[in-house]
Amino acid sequence: MGLLGILVALGLLIWLAYRGWSVLLLAPAAAVAAAGLAGEPLLAHWTQTFMGSAARFIMQFFPIFLLGALFGKLMEDSGSVSAIARFMTARFGPQRSVLAVVLAGALVTYGGVSLFVAFFVLAPMAHELFRAAQIPKRLMPAAIALGTSTFTMSALPGTPAIQNAIPMPFFGTTPFAAPGLGILASAIILGFGLWWLSRAEAKAHRNGEGYGTQGAAASDAASDPIVRERATTSGAFDPAEIFHGDQSKDDPPIGVAMLPLAVVFGVNLLMSLFVLPRLDASWLAQEAWGSTSLAAVGGVWAVATALAAAIVVLIAVNYRRLPTLRASMDAGVNASALPVLSVASLVGFGSVIAALPAFELVRSWVLEIEGGPLVSLAVATNVLASLTGSASGGLTIALDALGEAYMRIAAQQGIDPALMHRVAVIGAGTLDSLPHNGAVVTLLAVCGSTHGESYLDIVVVSIVGALIALAAVIVLGSTLGSF
């Protein structure tokens with residue numbers, strides 16, 4: 001009955017979340033239902049297991065949600081994201097519209113801008129480019145997804161994305177874990193995606209297919225409550241805040257626009273590889289500091305410091321371009337609240353499921369999957385990310401339930417935790433792009449497209465390319481180790 005309860009709870013969570021119900025209500029309700037069907041104490045699992053795990057997630061990662069959303073909003077309102085998008089447009093022109101959109105999205109998201117902010121800024125630019133080049137607008141969501149939601153979120157070393165931060169406390173790693181494998185995976189995802197999109201564009205031109213008709217405006221997506229509910233479980237920015245605050249009427253020069261992104265990368269690198277490793281943080285083992293270690297918190301400290309430094313630089317060089325600084329900052333921090341609570345609720349649900357006796361069957365099956373621990377870890381993160389529709393939620397649930405077991409296996413078999421980190425993050429960023437994923441729903445709405453028109457191309461560039469890269473990382477990592 002316990003295993004049936006887990007399946008029923010998962011089914012209810014997925015079905016009702018897809019229909020637009022708030023995960024803040026669904027996650028505890030589904031967790032209590034699973035506990036009840038297993039004959040476990042309901043209130044204890046809600047207040048102790050569920051809330052304890054959700055609170056730990058917020059304690060660990062809220063600084064990144066908060067600073068990431070604030071940074072993204074200030075980049076948007078200062079005109080910096082628009083300046084970068086226009087620079088790429090001018091650089092590549094309509095004849096290379098797809099490449100311009102992909103690289104613009106990759107640049108801003110790798111620099112720390114939320115993918116949802118990137119969606120709303122890139123979509124109007126992409127409409128103009130695709131219309132001028134007579135490229136079907138049905139390819140626009142896939143082009144934006146390739147640049148914003150694939151390799152810069154999971155594979156490229158040093159990315160400040162929350163997905164890349166989540167494994168760090170579990171494995172004691174940094175944002176730059178397995179850099180060689182991460183760069184290789186990024187090249188595979190980018191190269192495969194661009195090949196597919198160029199092939200689709202050429203085929204459309206041969207068939208005489210043009211741009212098509214203009215879809216709904218991006219502002220319609222930002223005000224859609226169903227889009228908002230789905231989006232906040234898969235990203236770190238609440239779309240409802242996207243048009244709050246006043247945007248600059250003048251874009252900054254490209255050098256000024258790029259400077260905060262360079263600060264994020266530079267400070268993150270310095271903190272991860274040079275500053276924090278030289279600190280004597282043995283005092284963190286004291287009970288007053290949570291009996292933790294620098295290995296457990298250092299990665300989050302590095303990303304948070306990088307984002308904070310970039311925010312200070314951004315405001316300093318764009319102060320006159322932020323006409324209502326307080327309103328922009330309020331919108332940015334408010335945009336972090338619902339996403340972190342939504343993902344924490346999914347994590348709380350996962351912790352209740354993992355605490356049920358029947359979950360031991362699932363745990364044993366996952367750990368015994370043929371192919372070794374890297375394959376097992378990839379399967380676990382893939383499956384949980386697909387079920388929850390959230391890479392960050394699925395990844396945290398998997399590592400909460402199985403992280404200690406994987407660390408023991410890694411120690412026994414001499415596997416570098418950095419390799420486990422990179423496999424886990426890339427794995428979580430594959431099947432999370434199923435139709436119910438909030439980022440997919442939001443992207444289609446922002447582009448004025450539908451699943452029927454554009455989802456196949458999203459699958460190819462976001463899922464197929466990532467699976468190929470994941471397989472390559474597992475094979476090379478198993479053969480050569482982490483590099």
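The model is predicted, so local features need pLDDT of at least 70, side-chain atom pairs count only at pLDDT 80 or more, and totals for chains, interfaces and linings use all residues. Residues are numbered from 1 along each chain as its sequence is written, and side-chain values use heavy atoms, with hydrogens and water left out.

Side chains of opposite charge can pair when their charged atoms come close. A salt bridge is taken as a side-chain nitrogen of Lys or Arg within 4 Å of a carboxyl oxygen of Asp or Glu. This rule gives seven salt bridges. Helices are DSSP runs (H or I, at least four residues), numbered from the N terminus. For burial, a residue is buried under 20% relative accessible area, exposed over 50%, and partly exposed in between (1.4 Å probe, protein chains only).

About one helical turn separates Arg326 and Asp330, because they are four residues apart in helix H16 (residues 325-355). Arg326 has 62% relative accessibility and therefore counts as exposed. Asp330, at 33%, is partly exposed. Elsewhere, salt bridges with shared partners connect Lys73, Glu76 and Asp77 in one network. Within it, Lys73 pairs with Asp77, and their closest N and O atoms are 3.3 Å apart. Both Lys73 and Asp77 are buried. They sit in helix H3 (residues 42-77), four residues apart, or about one turn of the helix.

A further salt bridge is formed by the side chains of Arg138 and Asp457, with an N to O distance of 3.7 Å. This pair connects distant parts of the chain, 319 residues apart. Arg138 lies in the loop between helix H6 (115-133) and helix H7 (140-148), while Asp457 belongs to helix H22 (residues 451-480). Arg138 counts as partly exposed because its relative accessibility is 23%. Asp457 has 5%, so it counts as buried.

Helix H21 (residues 438-447) is mostly covered, with nine of its ten residues buried. Among the buried residues are Gly438, Val440, Leu443 and Cys447. Asn437 caps the N-terminal end of H21. A side-chain oxygen of Asn437 lies 2.9 Å from the backbone nitrogen of Ala439. After H21 comes Gly448, with a positive phi near 70°.

Helix H1 (residues 2-18) gives the most to the patch, with four residues. Val8 is in helix H1. Its relative accessibility is 35%, so Val8 counts as partly exposed.

Ala178 is not a glycine, yet its phi is positive, about 45°. Ala178 is placed in the loop between helix H10 (167-171) and helix H11 (179-206). With 2% relative accessibility, Ala178 counts as buried. Ser291, also not a glycine, has a positive phi of about 50°. The loop that holds Ser291 runs between helix H14 (254-275) and helix H15 (294-318). Ser291 counts as partly exposed, at 48% relative accessibility.

Key
Helix = DSSP H or I, 4+ residues; strand = E, 2+ residues; numbered from the N terminus. Polar contact = N/O pair within 3.5 Å; in protein donor to acceptor, adjacent residues only side chain to side chain.
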